[in-house]
Amino acid sequence: MYPPSRKDFISLTLSDPHSHSYNNGKHRRQSCWRKWKQLSRLQRSLILFLLAVLLIFGLLSYPSITKQWGGVSDREDWLELNDRELRGVPPGVKPVLGPVADKAPAPVAGPDVGPAVDPDAVAEPRGPNIPILAKPPTKKKTFPNKRGPPSLQKDGNVSDTVGGEKQEQDVVQDGGGEDEDKEKKIVSWRGAMIEADQATEPPPSANEKEAAAPPAKPADAVPLEVSTGKVDRLEAVRDAFRHAWKGYKDYAWGHDELKPISKSFGEWFGLGLTLIDSLDTMWIMGLKEEFEEAKTWVEKELTFSKNVDVNLFETTIRILGGLLSTYHLTGDQLFLDKAKDLGSRLMPAFKTPSKIPFSDVNIGKGTAHPPRWTSDSTLAEVTSIQLEFRELSRLTQEPQYQEVVNEVMKLVHNLPGKHDGLVPMFINTNSGQFTHKGVFTLGARADSYYEYLLKQWLQGGKTEDDLLEDYLQAVEGVKKHLVKQTGPSKLTFVGELSHNRFNAKMDHLVCFLPGTLALGAHNNLPGDHMDLAVQLMETCHQMYTKMETGLSPEIAHFGLQASDGRDVIVKPADRHNLLRPETVESLFYMYRFTKDTKYRDWGWDILQSFNKYTKVSGGGYTSINNVRDPVSPGPRDKMESFFLGETLKYLYLLFSDDMELLSLDKYVFNTEAHPLPIWPSPPK
Ligand code: DMJ
């Protein structure tokens with residue numbers, strides 16, 4: 001119901017003859033004309049003259065007004081360009097984004113930069129490589145929310161939303177034109193920036209080392225050269241670690257993971273995951289000060305007496321493994337005490353009808369359970385905790401840790417449902433049987449089962465025959481069912497089998513395999529394991545080089561027919577990179593066993609790309625959404641703990657000339673890159 005007052009108001013308004021509402025416009029026009037006619041001829045002429053003068057003045061000043069407006073638009077474009085396209089900010093100066101970008105120094109000309117550009121000279125013609133500056137201002141007005149030059153728009157908005165996964169339609173081609181883009185861009189994100197530093201430097205090949213120009217320094221890095229003029233790759237890795245650690249220390253200290261873009265942290269278990277995962281890396285790199293600070297946190301702050309559910313596998317490989325290896329490297333009892341405390345709190349996971357452990361344990365309450373939606377555990381998770389539990393028993397002389405994990409291996413060894421040594425991805429905690437049979441992969445959910453077969457055999461002094469037998473059979477199964485070559489370039493890859501159908505798909509995770517095969521061959525297993533390792537290493541390398549960012553996608557598909565025209569195909573949902581270690585891990589093994597310097601060069605390329613596309617100004621590195629988009633790779637705002645625990649550690653070991661530094665004849669690395677000693681042989 002309308003109130004009466006409102007009704008009255010409407011009625012009055014519409015009927016008032018003196019009202020100035022739009023309804024009586026005609027009346028108003030008539031009255032103006034009457035007044036005009038009442039003026040004298042002289043008065044009318046004067047008014048007309050004045051109007052004419054005003055009109056002429058207006059016409060004369062129009063160009064300068066429009067030029068001014070156009071100038072503003074161009075300048076805005078330049079600022080965009082300065083953020084996104086130009087590079088070469090002088091050493092020690094970090095490019096600044098957003099509203100303050102006009103205070104940034106003018107970009108310096110260089111091979112990757114294009115001509116120097118003065119931000120105020122926006123009307124000057126620009127070179128062909130900088131299309132945005134030639135863009136007419138009108139375009140900007142038509143699409144006010146789009147950023148960057150038209151040629152970049154298609155992909156440029158890929159990752160406009162921080163952390164958001166973009167849905168894209170096209171399947172990307174490999175090959176042509178990759179390098180061009182790689183060289184041109186500075187990558188900037190809202191509020192954060194990927195520094196264009198030494199990444200622009202082409203890595204020196206084995207023969208070119210002497211001639212290599214020194215890389216541009218990142219703003220906060222120490223010099224990357226030694227007196228010989230060669231790039232000091234070890235120091236470059238240390239710099240990367242320091243940068244990652246700075247972010248963690250400033251914004252995530254004592255928490256699980258750094259979120260470098262939002263300068264905050266993420267919590268998974270609430271156990272200082274990154275800090276513990278990084279301990280032995282710092283020790284190995286000689287970062288004593290950082291190590292001591294972290295050790296003090298472990299001593300004073302780390303407690304496992306917490307009502308928190310943790311994942312048995314992740315906690316074992318990252319935290320238990322990290323504590324045990326740090327104990328070995330330092331001899332400091334603190335780390336063994338912490339490892340013992342954690343190990344005992346993880347034991348309830350094994351109290352299941354089948355003795356196959358549950359995936360989750362509450363380390364405060366001493367209870368365990370499977371995931372909410374199933375009573376299955378993941379195969380890799382229950383078979384990749386053995387190195388750590390076995391070592392804990394050896395050190396503490398308490399057999400229960402070793403007993404529970406050995407029991408799992410025994411069960412799996414005898415279980416039906418394998419396919420020429422290949423295992424399904426799930427196992428039921430009640431029945432102890434494989435589930436989801438018929439799907440076989442060396443990737444997620446199965447990967448480290450194969451890795452730990454070999455490594456347990458090595459850890460125990462090559463005495464446990466079942467482990468070796470399972471490993472050898474599995475490699476034969478891989479060769480028979482999963483290894484194929486691409487049509488165009490005959491790249492060897494490891495695909496997947498799903499109910500007898502072959503899927504030409506390989507997770508980046510599978511790139512652990514060349515390293516493991518090489519380790520086996522080094523320990524007198526068949527020579528053709530090494531041949532396969534060499535071929536797979538090449539493929540993993542190409543999964544990086546074929547991408548515009550020089551970084552591998554999470555998953556690659558492969559073209560089987562020569563007519564496919566391309567070897568590596570990346571689907572839109574698989575374009576992310578999580579800073580994973582597997583390829584550099586394998587490069588480390590391959591270099592140690594062959595001394596072929598190309599493996600070091602490949603690792604150097606990868607480090608350069610991490611620096612170029614994932615390094616975040618202010619500290620830390622971030623996972624990215626799209627390895628095919630060097631302009632907007634799209635930060636995920638997460639630095640995984642394994643980047644410090646594994647990726648940087650393997651890069652450091654790859655570049656180290658000291659073959660006795662964690663000799664592969666004395667240590668096995670757990671699946672999180674924590675070295676554990678090979679047990680001394682029992683007296684005969
Ligand atoms: C790490 O936690 C371990 O390497 C694990 O075996 C696989 N996933 C990550 C790294 O990618």
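Guide: The model is predicted: local features need pLDDT of at least 70, side-chain atom pairs count only at pLDDT 80 or more, and totals for chains, interfaces and linings use all residues. Residues are numbered from 1 along each chain as its sequence is written, and side-chain values use heavy atoms, with hydrogens and water left out.

Confidence comes next. The average pLDDT (the predictor's confidence in each residue, from 0 to 100) is 77, and 69% of the residues score at least 70. Residues 1–31 have pLDDT below 50, and this stretch makes seven contacts beyond near neighbours in sequence. A contact means heavy atoms within 4.5 Å. Residues 63–227 also stay under 50 in pLDDT, yet the model gives them 294 contacts beyond four places in sequence. Where pLDDT is low, the predicted coordinates should not be read in detail.

Now the overall fold. The protein has 21 helices and 20 strands. These are DSSP runs, helices being H or I of at least four residues and strands E of at least two, numbered from the N terminus. Of its 684 residues, 55% are buried. Buried means under 20% relative accessible area, exposed means over 50%, and partly exposed lies in between (1.4 Å probe, protein chains only). Take the contacts between residues at least 6 apart in sequence: 67% of them join residues at least 24 apart.

The part for a close look is helix 8. It covers residues 273–285, 13 residues in total. From first C-alpha to last, helix 8 reaches 19 Å, close to the 18 Å expected at 1.5 Å a residue. The expected span is 1.5 Å times one less than the number of residues. Helix 8 also has a kink of about 40°, centred on Leu 279. The bend at a residue is the angle between axes fitted to the seven residues ending there and the seven starting there.

Twelve of the 13 residues of helix 8 are buried, so the rest of the structure largely encloses this helix. After helix 8 comes Gly 286, with a positive phi near 75°.

Arg 318 sits in helix 10 (residues 312–330). Its relative accessibility is 4%, so Arg 318 counts as buried. Setting aside residues up to four places away in sequence, Arg 318 touches Leu 273, Ile 276 and Asp 277, among others. Its partners also include Trp 268, Glu 640, Phe 642, Glu 672 and His 674.

Helix 16 (residues 465–482) has 18 residues and spans 25 Å, close to the expected 26 Å. Its buried residues include Leu 467, Asp 470, Tyr 471, Gly 477 and His 481.

The disulfide count is one, a disulfide being a pair of cysteine sulfur atoms within 2.5 Å. Cys 511 and Cys 540 make the link, with sulfur atoms 2.1 Å apart. The link is left-handed, at -100° about the S-S bond. Cys 511 lies in the loop between strand 16 (505–507) and helix 17 (513–522), and Cys 540 lies in helix 18 (residues 527–545); the two are 29 residues apart. Cys 511 is buried at 0% relative accessible area, and Cys 540 is buried at 1%.

Lys 263 is not a glycine but has a positive phi of about 50°. Lys 263 falls in the loop between strand 3 (257–259) and strand 4 (264–266), and is partly exposed at 33%. Asp 420 also has a positive phi, near 50°. Its loop runs between helix 14 (400–414) and strand 9 (426–428). Asp 420 is partly exposed at 32%.
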